[in-house]
Amino acid sequence: MRTILKRNTTSLCPECFKQVPAVVFCEEEKVFIEKECPQHGPFSSCLENNVNFYKRFASFSVSPDPFFHTLVLPVTYRCNLACSYCYAHYSDLPDRPLGYFKELISQFKGVIVGLSGGEPTLREDLPEFVSYIKKSGKISSLLTNGLRLVDERYLRSLALEGLDSVFFSFDSFSKDFYKLTKGEDILEQKKKALANLEKLNIKTVLSVTIYPGINEHELKDIFLFAFRNRHYITQLRLRSAAPVCHYEASGRYFTSDLIRMFSKQVNIEEESLLKYFIGRLPHFNLKREGHTIHHVQLLMKGVCVGDTFVPVVSRNALIGTFLCLKIALQKKGLLAVLKEGKRFFNIFFHVNKYKKFGSFFMIKNGMHIFATEFINLFKLWFGFFSMLPVRFISWPTKDNIDLEEVDRGIAQLTQSGDILNFCHAIVFDENFNKGRKRSA
Ligand code: SF4
Ligand SMILES: [Zn+2]
C-alpha cells in the first residue's frame with residue numbers, strides 16, 4: 001500500500017536537470033520519490049530502503065536562509081589516477097588561476113575551506129592556497145587520494161603553511177581492489193602516505209567509498225584500523241558509491257543499509273547503535289541534531305580487544321577518558337596538546353566575528369563549528385580519545401535528490417562557477433559534463 005510522506009517537495013528532472021515538484025511516498029518498507037517534468041515526463045526512484053529510518057532522519061523542511069560553514073573548491077580537474085567510479089576527473093578543463101580562488105575564499109563567510117579536485121596536489125601552487133586560507137583565519141582541508149603525500153617533504157611543506165586536516169581516500173586493504181577499480185596496485189603508497197600523516201601529526205579523516213559486492217565486507221577491518229589510530233585519524237567516513245556522472249553502479253546502498261552492514265560486522269544491534277552512539281553534527285538544523293537521511297554520525301566509544309570492538313557506554317567512559325588522555329600525551333606530547341588548544345581559541349575568535357553581522361542564524365552556525373572544534377579539543381585533552389566519529393553517507397543523485405533533504409552546511413564550487421549545496425553541485429556538474437568524455 002502506498003502512503004504519502006511528503007506532498008510538496010522539489011527534485012530535479014534527470015533529463016534536463018530543471019527543478020520540478022516531487023512527492024515522497026512509501027510502499028511497504030521502501031521510500032520512493034516521484035516527479036514529473038513538463039518536458040520529459042514522469043520519473044520515480046528509490047530514496048531509502050527503510051521507511052522507519054527515513055521517518056527518523058528526514059527533515060521535512062527547508063531553511064529559507066541556508067548557511068554554509070564549509071566551502072569545497074575543486075582547484076583542478078586533473079588527476080594522477082583514473083578510478084572507474086570517478087565523477088570529477090576532466091583533464092580537458094583548465095585550472096582556474098589562484099587569484100580566482102582567493103577572491104572566493106575572502107568572500108566566504110564560513111569557517112572551513114576544502115581543497116579538492118580532481119587531485120588537488122597536482123597544483124604546484126597548492127601551498128599558496130593553504131597559506132592564504134590560514135591568513136584569512138579559516139581552516140584548510142585537503143581532499144586527496146594521497147599519492148603525493150608519500151613524499152614526506154612535500155607533506156611537511158603543506159603542514160608548515162598551516163594545513164589543518166586531510167581527507168584521505170582509503171577504500172580497501174586489498175591489492176586486488178585497487179587493481180580492479182584504479183587499474184594499479186597503490187596499497188603500499190596509501191599506507192606510506194598514512195604513515196607520513198601520522199608522523200607529522202596531521203588530523204586525518206579516513207574517507208571510504210563502499211562498492212556493492214566489492215569492499216563492503218571490509219567495513220569492520222577499516223573501522224578497527226581507524227579506531228586504533230584515532231590519535232591522528234579523527235573521523236571515519238563511510239560513503240556508498242552513487243551512480244553519478246559516468247559511474248553506473250551495479251547496485252547502491254542507502255544510509256540505513258550502510259548502518260545495518262556496519263552493525264552486523266561490529267556485532268552491535270542497529271537500534272543500540274542509533275540509540276547510544278548517535279552524535280551531533282555541525283549543521284544548521286538543531287531539531288534533528290544535524291543528521292539527515294543521507295548523513296548520519298555515530299560516536300563510537302569503546303576499546304579494541306584483539307579484533308573485537310567492545311563498546312563502552314555510560315560510566316566506563318570516564319575510565320577510558322583518563323586512559324586516553326595518557327595516550328594523547330604519550331603519542332602527541334604536551335606541546336602538541338597545547339598547540340591544539342591555541343588553534344581552538346583562534347577558531348573561537350574567528351567564529352565570534354560573525355556577531356558583527358548581527359545575524360542570529362550565522363551565530364548559531366558558527367556555534368556549531370565551535371562545538372565541533374570543542375569536541376576535537378577535548379578528544380585530545382580529556383580523552384574523548386576513546387571515541388571515533390563514524391559518518392555514514394549516501395549521496396543523492398539526479399534520480400532521487402530531494403532538495404529539502406540535502407545537507408546544507410557544505411557548499412561546492414561547480415564547474416560553471418556557481419556555489420551550490422554540495423550534493424546539488426555534484427548533480428549540477430553532471431549536467432555540465434553531459435556528452436563530455438571523462439579523462440582516461
Ligand atoms: S576518484 Fe580517482 S580519478 Fe577521480 S579525482 Fe579521485 S582519485 Fe582522481
Ligand atoms: Zn526535464
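Axes are lines fitted to C-alpha atoms, for helices over the stretch in contact, and angles run from 0 to 180 degrees between N-to-C directions. Helices (H or I, at least four residues) and strands (E, at least two) are DSSP runs, numbered from the N terminus. The model is predicted: local features need pLDDT of at least 70, side-chain atom pairs count only at pLDDT 80 or more, and totals for chains, interfaces and linings use all residues. Residues are numbered from 1 along each chain as its sequence is written, while chains are lettered from A and ligands numbered from 1 in the order in which they are written.

**View 1. Helix 3 against helix 4.** Helix 3 spans residues 126-135 and helix 4 spans residues 152-161. Their axes come within 8 Å and cross at roughly 20 degrees. Helix 3 and helix 4 are therefore roughly parallel to each other (angles under 35 degrees). The crossing is right-handed: the near helix is turned clockwise from the far one by less than a right angle. Helix 3 contributes Leu126, Pro127, Val130, Ser131 and Lys134 to the contact, and helix 4 contributes Ser157, Leu158 and Glu161. Two residues are in contact if their C-beta atoms, placed from the backbone, lie within 7 Å. By class, the contact residues are 4 nonpolar, 2 polar and 2 charged. Ala, Val, Leu, Ile, Met, Phe, Trp, Tyr, Cys and Pro count as nonpolar, Asp, Glu, Lys and Arg as charged, and the others, Gly among them, as polar.

**View 2. The shell around ligand 1.** Cys79, Leu81, Ala82, Cys83, Cys86, Ala88, His89, Gly117, Gly118, Glu119 and Asn145 surround ligand 1. A residue is near the ligand if its C-beta atom, placed from the backbone, lies within 6 Å of it. The shell divides into 6 nonpolar, 4 polar and 1 charged. Gly117 and Gly118 are joined by a cis peptide bond, with omega about 20 degrees. Gly118 sits in the loop between strand 6 (112-116) and helix 3.

View 3. Two strands pair if DSSP finds at least two bridges between them. Strand 3 (residues 30-37) and strand 4 pair over 7 bridges. Ile33 has Ser45 of strand 4 as its bridge partner. Phe17 lies in the loop between strand 1 and strand 2 (19-27). Its phi is positive, about 65 degrees, although Phe17 is not a glycine.

View 4. Strand 11 pairs with strand 13 (residues 387-394) in the antiparallel sense over 7 bridges. There, Met300 has Leu388 of strand 13 as its bridge partner.

**View 5. The hairpin of strand 11 and strand 12.** Strand 11 (residues 295-305) and strand 12 (residues 308-311) pair in the antiparallel sense over 4 bridges. Cys304 is bridged to Phe309 in strand 12. The hairpin has 2 residues between the strands. Gly306 takes a positive phi near 60 degrees.

Technical notes
Angles under 35 degrees count as roughly parallel, over 145 as roughly antiparallel, 65 to 115 as roughly perpendicular and the rest as oblique.
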